[in-house]
Amino acid sequence: MRRGAVIGRALLLVAASAAVAAGEARAQRAQWTDVVYVPGQWSGGRVVAQADSIAMVMRIDYFSAPPKWRAEIRRSSDGRTLGEPVILIGQGRRAVVVTALGSTPLEQHALARDPLVTAAVVFDQSGRRAGPASGRITERSADGRVGRIVFRRVIRNPSFDNKLLDPGNRAAGRTLLASGIAAVGDQRSASVVATAGARGVDRVQTPQGSVPVTPDTAAVSRMERFAVGAVALEEFLRAGGLGPYAPAHSDSGGKPQ
Amino acid sequence: MNRHGRLVMALGLLSGAAATPSTAQGVLDRLRQAANIARTLLPISTDKEVEIGRGIAATIAGRFPVSSDAALTRYVNLVGLTVASQSPRPDITYRFAVLETPTVNAYAAPGGYIFITKGALGLIENEAELAGVLAHEVGHVNQRHVINQIRKSDTMREVRNQLDIKGSTLDKVVGTGSNALFMGLSRGDELEGDSLGILYAAAAGYDPGGLASFVARLDRHAGEGPVSEFFATHPKPDERVGRLHAIAQREDLRSSVTLAERYRESVH
């Protein structure tokens, strides 16, 4: 065989291997949301015991590219709204708390004493998610009582930036990846909204011909101010039996670790 | 084709034009083709996409007034956010509004500004159908269909980078995008919106047949005034319905959640 042909085949092989490796890396990426409930009912800023009732206490948005992962944790203190996010970035079972100013290992942070936060580290040593991909997960204590109920839903075809799984990245503590909840989006898009400057057009083409228009930026501002909170969205899903709240959805039981 | 692929193709066409100048017209055609491809390479950031989308949204709201019914707007936002939460674009905040017009249609401006008309809500029979329609629009936003139409347009001929899209150029870009929306996107973009829409709606837990049943119902109203714009701007309903059923079968999408009663209570 000629030398050129051999080199050509070798290059093809390397390219094919690289393509397979890239495909596998993409396939391992995952994004999902856990909505965490505990037994009881919100009253006066805390959850009180209440039979046959569960209270939403936390939403966690996960982004994973093993062994690295990221969790954006938003807690509720009233059952109606979610607070500012806490960002954990991890590798395997190790995690750091990331802020705009820097990062601190979780075990040295005050949050390490918060069982709801430590329970958010749902990864094994290799950074893979432990537990089911989606559905309802009921965690029970040793005496059989329900501790937490997690409703997990997966997001297809994640497209997040892997750089934001790196605690050394300066933007990691300032950039939020979670989407789909107006409360988050309003914070993020404020600067864009403030600088929007199109005066617009006075005529548009339609299938019926050219028609006059008067751009209504005030209506768009009202659209932007119309916020539907994450808690309201979860209640809506739950009432409709949608996604992980579907009555037939399997309950994996056990602890998702 | 990705950005590098398009760059290589543009360079290839340019070099081909220089190497084989069979006719002057041929050279000009090739140069024009290369320039068109190069224009589609222009990166447009999410912030710029939202800025353009805001202008297009204002134009849509200028053609048809936006409903001030807070309860209805909240319901449409809840259904919209339910399907948008399946979107893989974390950089977009989705917002939904209802347009006060009997015209049957829905519009997706770049940056996540999505509108549905009262006429469409009047023909929709359950929440799964509404979810399917809104998910189709979310698909347009995710795939940047309007932004890509703008990139290919003559408006972008003198734009060297996205910082040039301001002032009167921004107005022209908004006009181009608005015209693209009102005149209809390409058949390919509409079918892609369908493909993504059925997946988002099904992943959110809705009956995957929602969008198909709405499109099939529209077909039965063909010829009626309020539906005429929809038919002028979208592929034929029977083609869409056939493709949607095929996708549901191929992807094994199964759910029977339609929530007709919640829809009736919230909309009618």
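**Close-up views of a predicted two-chain model**

**View 1. Helices H10 and H12 of chain B.** The axes of helix H10 (residues 210-220) of chain B and helix H12 (residues 237-250) of chain B approach to within 9 Å and cross at roughly 160°, which makes H10(B) roughly antiparallel to H12(B). This is a predicted model, as are the views that follow. The crossing in which H10(B) passes H12(B) is left-handed. On the H10(B) side the contact is formed by Leu211(B), Ala212(B), Val215(B), Ala216(B), Leu218(B) and Asp219(B), and these meet Pro237(B), Asp238(B), Arg240(B), Val241(B), Leu244(B) and His245(B) in H12(B). Sorted by class, the residues in this contact of H10(B) with H12(B) are eight nonpolar, one polar and three charged.

**View 2. Helices H3 and H8 of chain B.** Helix H3 (residues 46-63) of chain B and helix H8 (residues 167-183) of chain B have axes that come within 9 Å and cross at roughly 60°; H3(B) and H8(B) are therefore oblique to each other. Their crossing is right-handed. From H3(B), the residues Ile52(B), Gly55(B), Ile56(B) and Thr59(B) meet Leu170(B), Val173(B), Val174(B), Gly177(B), Ser178(B) and Leu181(B) in H8(B). The contact of H3(B) with H8(B) holds six nonpolar and four polar residues, and no charged residues.

**View 3. The contact between chains A and B.** Chain B contributes 50 residues to this contact, and chain A contributes 46 residues. On the side of chain B that touches chain A, at least two residues each come from H3, helix H4 (70-84), strand S1 (95-99), H8, helix H9 (187-204) and helix H11 (225-233) of chain B. Of these elements H3(B) gives the most, with 11 residues. By class, this side of chain B has 24 nonpolar, 15 polar and 11 charged residues.

View 4. In chain B, three strands form an open sheet in the order S1-S3-S2, with mixed pairing. S1 and strand S2 (106-109) of chain B stand at the edges and have a single partner strand each, so one side of each is left without a neighbour in the sheet. Direction ignored, neighbouring strands of this sheet are turned by 20° against each other on average. S1(B) and strand S3 (residues 113-117) of chain B run parallel and are joined by five bridges, and Leu99(B) has Thr117(B) in S3(B) as its bridge partner. H4(B) packs on the sheet and touches S1 and S3 of chain B, with its direction making about 135° with that of S1(B).

View 5. The secondary structure of chain A comes to five helices and 12 strands, and buried residues make up 32% of its 257 residues. Strand S4 (residues 54-65) of chain A runs antiparallel to strand S5 (residues 68-75) of chain A, and eight bridges join the two. Ile60(A) stands opposite Ile73(A) in S5(A). The connection from S4(A) to S5(A) is a hairpin through two residues, and Pro67(A) is found in the loop between S4 and S5 of chain A. A cis peptide bond, with omega about 10°, joins Pro66(A) and Pro67(A). S5(A) is also joined by six bridges to strand S6 (residues 86-91) of chain A, and these two strands run antiparallel; here Arg70(A) has Ile89(A) in S6(A) as its bridge partner.

**View 6. Two loop residues of chain B with positive phi.** Most residues other than glycine have a negative phi. Arg144(B), a residue other than glycine, has a positive phi near 50°, and its place is in the loop between helix H6 (127-142) and helix H7 (145-152) of chain B. Arg144(B) counts as partly exposed because 18 C-beta neighbours lie inside 10 Å. Asp252(B), also not a glycine, has a positive phi of about 55° and lies in the loop between H12 and helix H13 (260-267) of chain B. With 8 other C-beta atoms within 10 Å, Asp252(B) is exposed.

Definitions and conventions: Residues are numbered from 1 along each chain as its sequence is written. Chains are lettered from A and ligands numbered from 1 in the order in which they are written. This is a predicted model: local features need pLDDT of at least 70, side-chain atom pairs count only at pLDDT 80 or more; totals for chains, interfaces and linings use all residues. Axes are lines fitted to C-alpha atoms, for helices over the stretch in contact, and angles run from 0 to 180 degrees between N-to-C directions. Helices (H or I, at least four residues) and strands (E, at least two) are DSSP runs, numbered from the N terminus. Angles under 35 degrees count as roughly parallel, over 145 as roughly antiparallel, 65 to 115 as roughly perpendicular and the rest as oblique. A crossing is left-handed if the near helix is turned anticlockwise from the far one by less than a right angle, and right-handed if clockwise. Two residues are in contact if their C-beta atoms, placed from the backbone, lie within 7 Å. Ala, Val, Leu, Ile, Met, Phe, Trp, Tyr, Cys and Pro count as nonpolar, Asp, Glu, Lys and Arg as charged, and the others, Gly among them, as polar. Two strands pair if DSSP finds at least two bridges between them. A residue is buried if 20 or more other C-beta atoms lie within 10 Å of its own, exposed if 12 or fewer, and partly exposed in between; C-beta atoms are placed from the backbone.
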